Amino acid sequence: HNAAENYHLRMHRARSVILTDEELVEIRAAQRTFEGAYIRTALGQFSFALVILKIFTSEFYSIGALFALYGTGILITSLLRRQQGNRQFFSETGEDGLNQKKFRTSGNVVVVLTALSVAAYATLLILTLQLGD
C-alpha cells in the first residue's frame with residue numbers, strides 16, 4: 001500500500017500535511033534520539049574495525065571484519081527503526097475506511113538488536129579464543 005495515501009495526520013494525507021512547530025520539535029527529537037543513536041553506534045563500530053585492521057597484525061583481521069559486519073547490522077537496524085518511527089505520528093486508513101491511530105513500540109527493533117549483539121559477542125569470544133592456536 002502507498003504510505004503517502006494511507007497515513008493521515010489531522011485529516012491530511014502524509015505527503016501534504018503541514019506540521020506545527022510542536023510536531024516538528026517532537027519529530028526532530030525522536031530522530032535525534034533514535035536514528036542518531038543508531039548511526040553513531042554504527043560509526044563507532046566501523047571506526048573500531050578500522051583501528052583493528054590498521055594497527056593489529058593479520059591474525060586480528062577476522063575480529064576487525066566482525067566489527068565491520070556488526071556496524072553494518074546496526075545500520076540496517078536503524079533503517080528498520082526509521083521505517084517504524086516514520087509511521088508513529090500518523091493514523092492509518094483501515095479497510096473499513098476509518099482512521100486508526102498507529103502506535104508501535106520499539107520491541108521489534110530491540111529484539112533484532114539484541115540477537116545481533118549476542119551473535120556478534122559470541123563470535124568475538126570464539127575468535128578471541130582461536131587467537132592462541
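Reader: Which residues make the nonpolar surface patch of about 380 Å²?

Author: F48, V51, I55 and F56 make that patch. A patch is built from residues with over 30% relative accessible area and no salt bridge, where like charges are joined within 9 Å and nonpolar side chains (Val, Leu, Ile, Met, Phe, Trp, Tyr) within 5 Å. A salt bridge here is a side-chain nitrogen of Lys or Arg within 4 Å of a carboxyl oxygen of Asp or Glu. Accessible areas come from the Shrake-Rupley method with a 1.4 Å probe, and for residues only the protein chains shown count as cover.

Reader: And what are the ground rules of the model?

Author: This is a predicted model, in which local features need pLDDT of at least 70 and side-chain atom pairs count only at pLDDT 80 or more, while totals for chains, interfaces and linings use all residues. Residues are numbered from 1 along each chain as its sequence is written, and side-chain values use heavy atoms, with hydrogens and water left out.

Reader: Why does I55 count as exposed?

Author: I55 counts as exposed because its relative accessibility is 62%; buried means under 20% relative accessible area, exposed over 50%, and partly exposed in between (1.4 Å probe, protein chains only). I55 is found in helix α2, residues 21–55.

Reader: What pattern does the chain follow along the sequence?

Author: The pattern reads α-β-β-α-α-β-β-α, with 4 helices and 4 strands. Helices (H or I, at least four residues) and strands (E, at least two) are DSSP runs, numbered from the N terminus. Of the 133 residues in the protein chain, 29% are buried.

Reader: What lines the second largest cavity?

Author: Its lining consists of L66, F67, Y70, A120, Y121 and L124, and the space inside is about 40 Å³. Helices α3 (61–87) and α4 (107–130) each supply at least two of the lining residues.

Reader: How far is T123 from L66 in space?

Author: T123 and L66 are 7.9 Å apart, C-alpha to C-alpha, and 57 residues apart in sequence. T123 has its place in helix α4.

Conventions
1 Å grid on protein atoms, 1.4 Å probe; cavity = no way out; pocket = protein on both sides within 12 Å on 5 of 7 lines; lining within 4 Å. Points joined across faces, edges and corners; volume = space filled by probe spheres on them.
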